[in-house]
Amino acid sequence: MILLPAIDLHQGQCVRLLRGDYATAHKVADSPLDTAAGFQGQGARWMHMVDLDGAKAGMPQNAGIVCQVARQVGIHVEVGGGIRDMATVEHYLEQGVSRVILGSAALQNPAFVKEAVGRYGGQVAVGIDALGGKAAAQGWTERSQVDYIELAKEMEQLGVEFIICTDIQQDGTLAGPNLDMLDKLNRAVGCNIIASGGVSSLQDILALRALGLYGAIAGKALYAGALDLAEAITACQQLPAVPPKTRRALEDEAERYFWKGELTPAIVQDGSTGEVLMLAYMNRESLIKTLETGYTWFYSRSRQALWNKGETSGHTQQVLSIHADCDDDTLLIRVKQTGPACHTGKRSCFFKQLTPCGQPPKPIDEEAIPNGRPTGTI
């Protein structure tokens with residue numbers, strides 16, 4: 001699951017609201033740019049920005065700040081608030097914003113949503129804000145009688161891939177997300193669902209991940225110190241109990257681990273003993289296949305092709321968990337190993353012992369002679 005820290009903008013400042021009430025706005029940080037850079041430094045790859053003034057006015061009011069963050073901070077930005085025409089969509093995307101969120105337009109102008117999605121695909125999301133199960137618009141100042149699930153189904157028919165769902169009653173309360181509402185929505189449509197509103201703790205993040213959601217937005221809990229961003233991102237990176245349900249979600253999960261190059265080393269460890277079994281390399285596709293199937297797939301540098309561990313030998317590796325290191329450039333995969341992991345027939349590929357300098361060599365282990373070739377020690 002992807003965690004998106006949030007910045008809500010009101011009159012150029014970072015603020016938080018309680019249940020969407022503009023009268024409750026209070027400043028939570030000094031600089032949107034510095035705040036975004038801080039999120040990046042803690043490991044965030046995506047962030048969520050809302051132009052609160054734009055949502056109320058029906059046109060962007062803080063676009064300059066949003067675009068500055070998108071251009072200057074190395075983080076994907078999604079933004080909502082006052083995006084009601086194609087010119088605004090185009091402007092944001094041209095200025096480096098990764099995804100725009102259409103909110104009121106979903107209720108008031110579905111033809112515009114269809115046109116935007118048809119032109120920009122997954123770079124366009126829809127925000128569904130609900131109170132008592134009914135969708136709201138105009139910065140939550142207008143209520144409708146449209147059921148939030150029926151609206152989501154309509155958006156799915158228009159080709160929408162991403163839906164940001166906010167329970168207005170929970171937003172800004174630190175009372176926990178509406179898990180029942182989110183679960184029903186996630187089951188009702190095939191879209192990638194991003195949860196918004198009420199996140200208060202790491203336990204909330206784990207509960208959302210257990211639902212198999214694409215992502216979760218955290219705001220007030222981060223500013224209040226109730227949620228540690230780096231810790232929450234680490235929790236989101238663990239293999240979910242419910243796998244991501246769309247190919248796009250898997251691609252976005254995999255993207256963060258290939259920022260240094262096309263290949264990432266993967267250390268494979270026995271989940272029951274902790275023994276290191278092998279080292280192999282993954283590209284995006286092999287990681288996605290591993291997440292899809294629950295069994296390890298790697299990329300062969302010599303053959304330049306994907307390979308599935310155990311496909312011919314039957315010595316499979318069922319994935320128990322996947323963790324990334326602190327720099328997101330090495331993966332640790334804990335597995336349930338069937339048979340030996342090494343092609344030589346050894347349990348582990350790491351059976352050749354090296355002797356540190358200044359110490360006498362140890363006798364050759366006769367068990368460590370694959371195919372009759374002595375390996376010795378140094």
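**Strand pairing and nonpolar cores in a predicted model**

L287 lies in helix α13 (residues 284-293); helices (H or I, at least four residues) and strands (E, at least two) are DSSP runs, numbered from the N terminus. The model is predicted, so that local features need pLDDT of at least 70 and side-chain atom pairs count only at pLDDT 80 or more, whereas totals for chains, interfaces and linings use all residues. Residues are numbered from 1 along each chain as its sequence is written, and side-chain values use heavy atoms, with hydrogens and water left out.

L287 is buried, because its relative accessible area is 2%; buried means under 20% relative accessible area, exposed over 50%, and partly exposed in between (1.4 Å probe, protein chains only). With neighbours within four places in sequence left aside, L287 is in contact (heavy atoms within 4.5 Å) with A254, Y257, F258, M282, I322 and L331. Of these residues, Y257 is 30 residues from L287 in sequence, and the C-alpha atoms of the two are 9.5 Å apart in space.

The chain has 13 helices and 18 strands. Buried residues account for 50% of its 378 residues. Among contacts between residues at least 6 apart in sequence, 61% join residues at least 24 apart. The accessible surface of the chain is about 16,800 Å², and carbon and sulfur atoms contribute 49% of that surface; accessible areas come from the Shrake-Rupley method with a 1.4 Å probe, and for residues only the protein chains shown count as cover.

The mean pLDDT (the predictor's confidence in each residue, from 0 to 100) is 88 for the chain, with 88% of residues at 70 or more. In residues 369-378 the pLDDT is below 50, and this stretch has 16 contacts in the model beyond near neighbours in sequence.

Strand β4 (residues 46-51) is largely enclosed by the rest of the structure, because six of its six residues are buried. W46, H48 and V50 point one way from β4, while M47, M49 and D51 point the other way. In a regular strand the side chains alternate between the two faces of the sheet. Strands β1 and β4 run parallel and are joined by four bridges; two strands pair if DSSP finds at least two bridges between them. L9 has D51 in β4 as its bridge partner. β4 also pairs with β5 in the parallel sense, over five bridges, and here V50 has G80 in β5 as its bridge partner.

G80 is part of strand β5 (residues 76-80). G80 counts as buried because its relative accessibility is 5%. Residues up to four places away in sequence not counted, G80 touches M49, V50, D51 and I101. G80 and D8 are separated by 72 residues in sequence and by 9.7 Å in space, C-alpha to C-alpha.

Strand β1 (residues 2-10) pairs with β12 as well, in the parallel sense over four bridges, and L4 has I217 in β12 as its bridge partner. From strand β12 (residues 215-218), G215 and I217 point one way and A216 and A218 the other, and all are buried. β12 pairs in the parallel sense with strand β11 (residues 192-196) over two bridges, where I194 stands opposite G215. Together with helix α9 (residues 202-210), β11 and β12 make a right-handed β-α-β unit; a crossover is right-handed if, with the strands pointing away from the viewer, the path from the first strand over the helix to the second runs clockwise.

Strand β7 (residues 124-131) is mostly covered, with seven of its eight residues buried. Strand β6 (residues 99-102) runs parallel to β7 and is joined to it by three bridges, and V100 has V124 in β7 as its bridge partner. β7 also pairs with strand β10 (residues 162-167) in the parallel sense over six bridges; in β10, I164 is the bridge partner of G127.

The largest nonpolar core has 68 residues, and those with the most contacts inside it are L3, M47, M49, Y92, V100, L102 and L185. Such a core is a set of buried Ala, Val, Leu, Ile, Met, Phe, Trp, Tyr and Cys residues joined through side-chain atoms within 4.5 Å. With neighbours within four places in sequence left aside, V100 is in contact with V79, I83, V89, Y92, L93, Q123, V124 and A125. Another core, of 20 residues, lies apart from the largest one, and Y257, M278, L291 and I333 are among its members.
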